[in-house]
Amino acid sequence: MAVVNSWGQVLAMRNANQDDTHRPFGGVVPEIAGRRHMEDLLPLIDQLLEESEISWDEIQGLAVTNRPGLVGSLIVGLVTAKSLALALQKPFLGVHHIEGHVLSGFLSDEPLAQSNVWQEPFLALAVSGGHTHLYHCSSIGTYKELGKTVDDAAGEAFDKLAKMLGIGYPGGLMVDRQAQKGDAKKYAFPRSFIKEDHYNMSFSGLKSSAHRLIHGKQLEEQMISDICASYQEAIVDVLITKLSRAMKEFGLKKMVIAGGVSANSRLRRCAQELAQKEGYELKLPALKYCTDNAAMIGLVGALRLAQGEESEQSLAPHARAPLGPTE
Ligand code: KG4
Ligand code: ZN
């Protein structure tokens with residue numbers, strides 16, 4: 001839950017984390033996730049408003065993720081937002097999860113003197129557990145998909161490696177940590193489509209290649225670190241190469257990298273180096289805004305509600321949906 005204004009300032013945020021619940025299963029169990037949302041949501045709203053001393057009178061509207069995602073979880077959020085909107089007589093808006101990630105780079109905890117949201121065109125790389133998409137954003141709300149993964153998302157590739165190595169959950173963070181002690185040049189993992197001039201990506205070959213290397217072997221600590229570092233390097237190499245090529249092709253000067261994988265320390269460093277070398281302006285969300293959070297959904301809502309957009313009470317959740325107009 002978060003309270004955000006349309007300039008990108010986060011006035012309050014409280015999270016409910018389910019990692020401990022899902023850890024024994026090595027991944028998110030959809031049914032359990034929905035039930036936990038049901039238990040956590042209303043107490044969290046009360047806590048947020050009480051601790052931040054923000055009253056409902058100060059809140060102009062409600063934003064909620066309605067697509068894409070696990071339908072059980074989406075329903076809980078959607079029903080809660082609709083009920084509150086009805087009871088409080090406030091507008092509400094269903095938001096695309098990935099638009100939230102794209103705008104998360106504009107979130108700020110500090111008071112702002114002006115809007116933190118870019119008005120000029122920019123490139124956005126959204127890299128999460130379910131998405132690896134490159135968008136050309138000519139303005140907020142207008143996104144053209146340049147390319148995406150044709151199979152696994154980058155976050156999924158990180159999670160699968162962590163599972164294969166048995167190094168813990170959440171996988172991406174564990175690989176990132178382990179990689180810091182490893183040699184990124186030790187193993188030559190595939191970098192699919194890296195030389196091709198389209199913007200699609202593929203990470204399933206990388207995963208199979210790691211599987212072949214690891215399968216049936218007793219791994220020493222150093223080898224695990226070297227595999228993590230080399231595997232991470234292959235993913236980052238592909239992402240940065242595609243990003244850099246798109247920046248040049250479209251003559252852009254601004255870029256955002258967002259989504260759970262944008263928390264990756266190697267990706268952040270390489271993106272900063274690229275920005276410095278080419279004179280690009282780069283927005284990387286603060287770590288707490290990289291992984292899923294309510295502030296990013298609130299910012300999309302605040303911007304769209306300010307433009308007069310609003311959803312109907314009949315709005316449905318969608319497991320899959322391309323980034324496009326509100327449904
Ligand atoms: O955006 P997010 O919180 O949820 C989705 O919408 O999917 O992203 C979660 C993904 C997971 O696959 C997780 O392993 C990955 O982000 N992730 C990382 C790191 N932190 C989280 N991947 C690489 N390095 C990290 N430090
Ligand atoms: Zn996400």
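Predicted model: local features only at pLDDT ≥ 70, side-chain atom pairs only at ≥ 80, totals over all residues.
## The largest core

The largest nonpolar core holds 51 residues. Leu-123, Leu-161, Phe-189, Phe-203, Ile-227, Ile-235 and Leu-243 have the most contacts inside it. Helix 8 gives the most, with 15 residues.

Leu-161 shows how parts of the chain come together here. Leaving aside neighbours within four places in sequence, Leu-161 touches Val-175, Ala-210, Ile-214, Ile-227, Cys-228 and Tyr-231. In soluble globular proteins, nonpolar side chains tend to be buried together.

## A separate core

Another core lies apart from the largest one. This core has 29 residues, including Val-10, Met-13, Val-95 and Leu-303.

## Around ligand 1

Ligand 1 has 17 residues around it. Gly-129, Asp-159, Gly-172, Asp-176 and Asp-292 come nearest. The shell divides into 4 nonpolar, 10 polar and 3 charged residues. Helix 4 (97-103), helix 5 and helix 6 each supply at least two of the shell residues.

An N or O atom in the side chain of Asp-159 is 2.5 Å from an oxygen atom of ligand 1. His-101 has a polar side-chain atom 3.0 Å from an oxygen atom of the ligand. Gly-155 uses its backbone instead: an N or O atom there lies 3.1 Å from a ligand oxygen. Taken alone, ligand 1 exposes 550 Å², and the protein buries 85% of that.

Is Arg-67 buried or exposed? Arg-67 counts as buried, because its relative accessibility is 1% and the cut-off for buried is under 20%. Arg-67 is found in strand 3 (residues 62-67). Its side chain joins that of Asn-66 through a polar contact of 2.8 Å.

Asp-237 counts as partly exposed, because its relative accessibility is 29%. Leaving aside neighbours within four places in sequence, Asp-237 is in contact with Arg-191 and Ile-194. Arg-266 is 29 residues from Asp-237 along the chain, and 9.8 Å separates their C-alpha atoms.

How values were computed: Residues numbered from 1 in each chain as written. Chains lettered and ligands numbered in written order. Heavy atoms only, no water. Core = buried A, V, L, I, M, F, W, Y, C linked by side-chain atoms within 4.5 Å. Buried < 20%, exposed > 50% of the residue type's maximum accessible area, 1.4 Å probe, protein only. Helix = DSSP H or I, 4+ residues; strand = E, 2+ residues; numbered from the N terminus. Contact = heavy atoms within 4.5 Å. Near = heavy atom within 4 Å. Polar contact = N/O pair within 3.5 Å; in protein donor to acceptor, adjacent residues only side chain to side chain. Areas by Shrake-Rupley, 256 points an atom, 1.4 Å probe, with all protein chains shown as cover. Nonpolar A, V, L, I, M, F, W, Y, C, P; charged D, E, K, R; others polar.
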